[in-house]
Amino acid sequence: MIPKTSLELLEFNKLLRLISVYANSDASKFSVMDIHPLNNKADIEKRLSQISDIRKISHEGNPISLDTFADISTLVVKVRPEGAVLDAIELADFMPVFSIASSISSQMKERPDLPFLQDLLNLLTGFPDIMNTLKKSIDSEGNILDSASSLLSELRARIRNFEGKIRKKLEEIVRDEKLSVFLQDDFVTTRSGRWVIPVRMDSKGLVPGVVHDISKSGETAFIEPLSIINLSNELENLKAEQKAEELRILRNICSMIRTEVNNIIAEFRTIVYLDMLNCIASFADMLHMEIPQINNSNTISLISSRHPLLQLSLQKIDRNKQVVPLDVQLGGDSTVMVITGANAGGKTIAIKTIGLLLLMALSGMPVPADSSSSLPFIQSLLVDIGDEQSIENNLSTFSAHISNISEILKSRESETVILIDELGTGTDPDEGSALACAILKEFRKSSALVFATTHLSDIKGFVHRTGGMVNASMEFDQKTLTPLYRLRTGEPGQSHALEIAKKYGLPENILADAKGMLGSMKIEFDHLISDLNTKRLDYENALNILQKQQLELEERNRLVEKMLSDSKEKQKEILANAYREASDVIVNTKRQMNALLDEIRKKEKAERHRIIKEVETHQEYVIEKLREIDIEDSEAPALDDIKRGDVVFVTSLGYDASVIEVNRNNNRLKVAAKSIEFEVPATDIRFSRGKSLPAMKDTAHPDKYDAPVSSRLNLIGLRVDESLSKLEHFLNHASLGDLREVTVIHGMGKGLLKKAIHDHLNEHPLIKHYRSGTIEEGGFGVTVITMK
């Protein structure tokens with residue numbers, strides 16, 4: 001268990017007061033001020049997760065539905081006895097609580113992604129039946145409404161009617177010329193719940209009625225005229241009935257509350273707890289706090305940690321001013337850290353930061369540090385910080401410190417963190433150093449994590465020589481003689497007392513005498529530490545330069561990789577363009593070959609079949625070669641240098657061909673390879689490579705040419721490119737077979753295949769015209785083609 005004194009020395013209560021500012025209720029403020037370290041790691045992690053869920057929905061712009069509400073705990077106790085009745089103003093305090101519960105319940109129904117809040121709030125109902133009765137019966141000011149019951153509404157209407165009659169009667173009396181001379185003024189009012197008129201004291205016997213009051217001056221009597229007494233009595237009877245009805249309404253509401261009193265208490269406590277969590281979440285957002293890891297390995301690792309109270313104090317002075325972050329690690333083989341350094345260099349605030357952030361984490365609160373920070377789940381936190389000399393108890397500063405350390409030695413456990421400020425001070429330096437070293441050695445045996453600050457040089461050497469202990473120091477700028485407030489682990493620090501004294505104006509002769517009185521070993525030791533610090537700074541600067549160069553190299557590598565990636569994309573684009581151009585060559589070649597069909601149709605049938613087979617074989621050959629196209633080929637000859645009879649290499653064909661004609665206007669050439677003539681663009685031409693088109697085998701087989709040619713082609717289920725290839729083959733054979741009309745079956749579908757087929761048939765040399773089929777022929781699912 002963590003002692004109360006540790007909480008006070010680390011100013012934990014001051015932190016809680018700042019957090020309680022965000023509370024929506026006095027009950028929530030008390031709940032915040034009652035926060036303390038939890039005894040179960042699971043409870044800590046659960047609270048941290050709940051706060052994380054609250055911050056999540058707040059960052060989404062949909063914060064938890066909390067608002068100002070009263071502390072109803074005393075009212076619940078008051079209403080619990082059978083027959084107890086609360087006033088209307090007291091019942092009005094229940095309404096905000098029920099409203100908050102209902103709103104939060106509705107809000108959470110749509111958020112299955114907030115499991116920890118769901119577990120906490122899934123039982124909230126807001127008691128809709130009681131809430132509806134309250135809203136109908138009482139307003140926020142605690143007034144009972146006419147809508148509370150029909151009888152109450154009727155009674156109040158009758159009361160208003162009677163009051164109107166009485167007021168009208170009194171106004172008539174005031175305006176009566178016979179009586180107006182006896183009146184002190186011409187208004188009507190009430191006294192003790194009765195309607196009266198102001199009559200002069202010397203005339204009160206002249207106005208028949210009942211005196212209900214006398215003015216403070218004694219000059220005016222407030223008289224209820226006899227003429228309205230009967231009306232007033234009836235009015236009083238109605239008011240009595242109204243009061244009885246109001247009491248019945250209040251008693252009914254209290255009875256409803258009484259039946260649900262235990263559930264109401266439970267929901268109220270849940271709302272108070274939720275408001276407490278929301279206070280922590282709001283404070284955490286303000287200071288950009290993060291959820292740390294809670295470990296069982298007795299290790300402290302704080303990354304970019306800041307003391308929250310110090311940060312708020314600095315921001316009051318300058319909103320842009322930030323605390324120098326503290327990085328510290330302790331645990332494993334090393335369990336004792338001794339921090340040294342200059343006065344006002346930040347040693348005490350360092351161990352206070354460690355202690356306060358540890359208390360916050362153990363209380364289930366985010367901490368002002370990086371989310372990678374890790375803090376141990378411990379049983380005790382023992383602290384000796386500050387000057388606790390006591391005249392009453394006859395204790396000096398040293399005595400007070402030793403007394404505290406004695407108690408710490410008695411209470412220490414393995415799962416304990418110990419914070420000691422100015423260890424070994426307040427007595428003779430030699431004896432103080434010896435005591436401090438012995439105390440640290442004893443602490444080391446218990447495996448407790450110990451952070452201590454000191455100025456004594458002997459302790460630095462002892463820590464350096466002893467296993468499981470580590471020196472640390474607060475950095476100091478020796479040029480400006482100002483502290484840097486950064487913790488440096490592994491190096492002892494210097495007090496810089498003489499340098500600081502010089503900065504603050506101590507005479508030179510005194511400083512010279514002081515230096516002369518210092519032992520030579522002490523001076524050499526300080527010089528050694530100073531030289532080590534200087535070398536360390538040089539190494540750090542060199543390391544920073546190397547890291548910067550490393551980053552620059554990584555950036556260059558990233559740019560090179562991007563350039564390579566862009567180059568590959570460009571290569572793909574060029575290749576795609578080349579394939580598109582190759583496809584155009586294929587189409588043009590097919591068109592030219594189809595045109596040749598008209599010229600050979602009149603030849604012998606066997607001859608026609610032989611020629612068309614040779615052409616088709618050559619087509620396939622050209623296509624295969626186009627697939628092997630080389631994008632980065634050799635340079636092309638200039639078109640002006642090419643003339644009829646030259647031999648050039650055709651990349652789309654993959655072989656040499658003879659130039660028949662040069663069309664410089666269109667940048668095209670007509671070439672011939674074997675018996676095939678065709679046009680190619682100038683971009684398809686390269687210098688001759690000595691590769692001639694091999695002779696085609698005679699593929700004519702007359703016994704197969706007499707086979708009947710089909711007049712129907714079914715392309716359903718094929719891709720567009722496959723369909724067009726089959727269609728071209730089909731049209732060639734239809735033309736060779738002297739068919740006058742053929743049918744292509746492509747189906748309806750989305751119409752993509754039909755459109756591609758019609759685009760292919762447009763201006764086809766073998767086609768006279770085409771049309772969609774009739775219903776009998778297959779409708780829009782077929783295309784009927786008339787051949788030339």
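Helices (H or I, at least four residues) and strands (E, at least two) are taken here as DSSP runs, numbered from the N terminus. On that basis, the chain holds 25 helices and 23 strands. The model is a predicted one, so local features need pLDDT of at least 70 and side-chain atom pairs count only at pLDDT 80 or more, while totals for chains, interfaces and linings use all residues. Residues are numbered from 1 along each chain as its sequence is written, and side-chain values use heavy atoms, with hydrogens and water left out.

Of the 788 residues of the chain, 43% count as buried (under 20% relative accessible area, with exposed over 50% and partly exposed in between; 1.4 Å probe, protein chains only).

An α-helix has 3.6 residues a turn, so residues three or four places apart point the same way.

Strand 2 (residues 194–200) is mostly covered, with six of its seven residues buried. Strand 2 pairs (at least two DSSP bridges between two strands) with strand 1 (residues 189–191) in the antiparallel sense over three bridges; here threonine 189 has valine 196 of strand 2 as its bridge partner. The two strands form a hairpin with two residues between them, and serine 192 in the turn has a positive phi of about 55°. Strand 2 also runs antiparallel to strand 4 (residues 220–225), joined to it by four bridges, and arginine 200 is partnered there by threonine 220.

The structure also holds three cavities of 30 Å³ or more. A cavity is a set of points, on a 1 Å grid over the protein atoms alone, where a 1.4 Å probe fits but cannot get out; lining residues have an atom within 4 Å of a point. Grid points are joined across faces, edges and corners, and a volume is the space filled by probe spheres set on the points. The largest cavity has a volume of about 80 Å³. Its lining comprises 15 residues, with Phe398, Ile402, Ile405, Leu423 and Gly424 nearest the centre.

Definitions and conventions
On a 1 Å grid over the protein atoms alone, a cavity is a set of points where a 1.4 Å probe fits but cannot get out, and a pocket is an open set with protein on both sides within 12 Å along at least five of seven lines; lining residues have an atom within 4 Å of a point.
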